[in-house]
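Subject: Structure for your review

Dear colleague,

Please find below the structure that I am handing over to you. I would ask you to look at it first and then to read the notes that follow.

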Amino acid sequence: MTNEQQALVVLSGGQDSTTCLYWAIDRFGIENVTTITFDYGQRHRVELECAARVAAYAGVPNTCLPIDTFAALGGDALTDSEIAVESGSSPANGLPNTFVPGRNLIFLTFAAAFAYQRDIGNLVTGVAQTDYSGYPDCREETIGALQQALRLGMESDVVIHTPLMKQSKKQTVEMMRDLGGLDAMALTHTCYNGARPPCGECPACVLRARGFTEAGVSDPLLAPR
Ligand SMILES: [Zn+2]
């Protein structure tokens, strides 16, 4: 039996996973929450720094696990610096070239193994099927099937929580405001071009800006310091 009070948040250092962290702290209590970040060879190393800073700011532990296989697989713009980030979808499969095949499945499988060893019964991930990118590994159906596979494969009763699954970016901003975690947003990273301050032009920056505007909240990341 796993501990139903403990939760492990997959923290990327971005807006969504940071919101999930605050959701988990609210739901499980800060003493029961820990975070895991994957170093998968992402071009934007700043993400790892952001994840560590967000966790420290929130007052929870953070473990960074290296998975350096994705870059060797090649072909996606998030790990291969030779490939420019494109905003459009590929005509071949309808997916943008920022899609890293299997990424969330692998992250959650490693997270489940990490949680298993520590008797942590809950995993929290910021995937959303409303995400403009339409990554198939963010869908509710995919996550449900993975949860089932993990339960069978690890003989555990692990639960995967996806608090943002059906939330728009506007609703995600509102959720963070209601959880009192807006200040932590200043430490997050969203820009696909890895720019800080953010470029404001890439699809990720545009989507983030739209969410804040629609929620009527100013983005703490853009506040003058
Ligand atoms: Zn950007």
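A helix called H4, made of residues 103–117, contains Leu105. Please note that the model is a predicted one. Leu105 counts as partly exposed because its relative accessibility is 31%. Together with Ile106 and Phe110, Leu105 forms a nonpolar patch on the surface, and the three share about 220 Å² of accessible area.

Leu105 also takes part in the meeting of two helices. Leu105, Leu108, Thr109, Ala112, Ala113 and Tyr116 are the H4 residues that meet Thr142, Ile143, Leu146, Leu150 and Met154 of H5. Helix H5 covers residues 140–154, and its axis comes within 11 Å of the axis of H4, at a crossing angle of roughly 35°. This crossing is right-handed.

Gly144 also belongs to H5. With a relative accessible area of 35%, Gly144 is partly exposed.

For the overall layout, the chain has 7 helices and 5 strands. Their order along the sequence is β-α-β-α-β-α-α-β-α-β-α-α. Of the 225 residues, 51% are buried. The accessible surface amounts to about 10,500 Å², and carbon and sulfur atoms account for 51% of that surface. Of the contacts between residues at least 6 apart in sequence, 72% join residues at least 24 apart.

Thr125 sits in the loop that runs between strand S4 (120–124) and H5. Its relative accessible area is 5%, so Thr125 is buried. Beyond its neighbours within four places in sequence, Thr125 is in contact with Cys20, Leu108, Ile160, His161, Thr162 and Pro163. Asn32 occupies the loop between helix H1 (15–28) and strand S2 (33–39). Asn32 counts as buried because its relative accessibility is 13%. Apart from residues up to four places away in sequence, Asn32 touches Gln5, Gln6 and Ala7.

The axes of H6 (residues 169–179) and H7 (residues 203–215) come within 7 Å and cross at roughly 65°. H6 passes H7 in a right-handed crossing. On the H6 side, Lys169, Lys170, Val173, Glu174 and Arg177 meet Leu207, Gly211, Phe212, Glu214 and Ala215 of H7.

How many salt bridges does a search of the whole structure find? The search finds 6. Side chains of opposite charge can pair when their charged atoms come close. Asp16 is buried at 14% relative accessibility, and Lys169 is buried at 19%.

Another salt bridge is formed by Glu140 and Lys166, whose closest N and O atoms are 3.2 Å apart. This pair also links distant parts of the chain: Glu140 lies in H5, while Lys166 lies 26 residues away in the loop between strand S5 (159–161) and H6. Glu140 is partly exposed at 39%, whereas Lys166 counts as exposed at 52%. Asp178 pairs with Arg177 in a salt bridge, with 3.3 Å between the closest N and O atoms. Asp178 is exposed at 61%, and Arg177 is partly exposed at 38%.

Yours sincerely,

A colleague

Definitions and conventions
Residues are numbered from 1 along each chain as its sequence is written. This is a predicted model: local features need pLDDT of at least 70, side-chain atom pairs count only at pLDDT 80 or more; totals for chains, interfaces and linings use all residues. Side-chain values use heavy atoms; hydrogens and water are left out. Patches are made of residues with over 30% relative accessible area and no salt bridge: like charges are joined within 9 Å, nonpolar side chains (Val, Leu, Ile, Met, Phe, Trp, Tyr) within 5 Å. Accessible areas come from the Shrake-Rupley method with a 1.4 Å probe; for residues, only the protein chains shown count as cover. A salt bridge is a side-chain nitrogen of Lys or Arg within 4 Å of a carboxyl oxygen of Asp or Glu. Helices (H or I, at least four residues) and strands (E, at least two) are DSSP runs, numbered from the N terminus. Buried means under 20% relative accessible area, exposed over 50%, partly exposed in between (1.4 Å probe, protein chains only). Axes are lines fitted to C-alpha atoms, for helices over the stretch in contact, and angles run from 0 to 180 degrees between N-to-C directions. A crossing is left-handed if the near helix is turned anticlockwise from the far one by less than a right angle, and right-handed if clockwise. Contact means heavy atoms within 4.5 Å.
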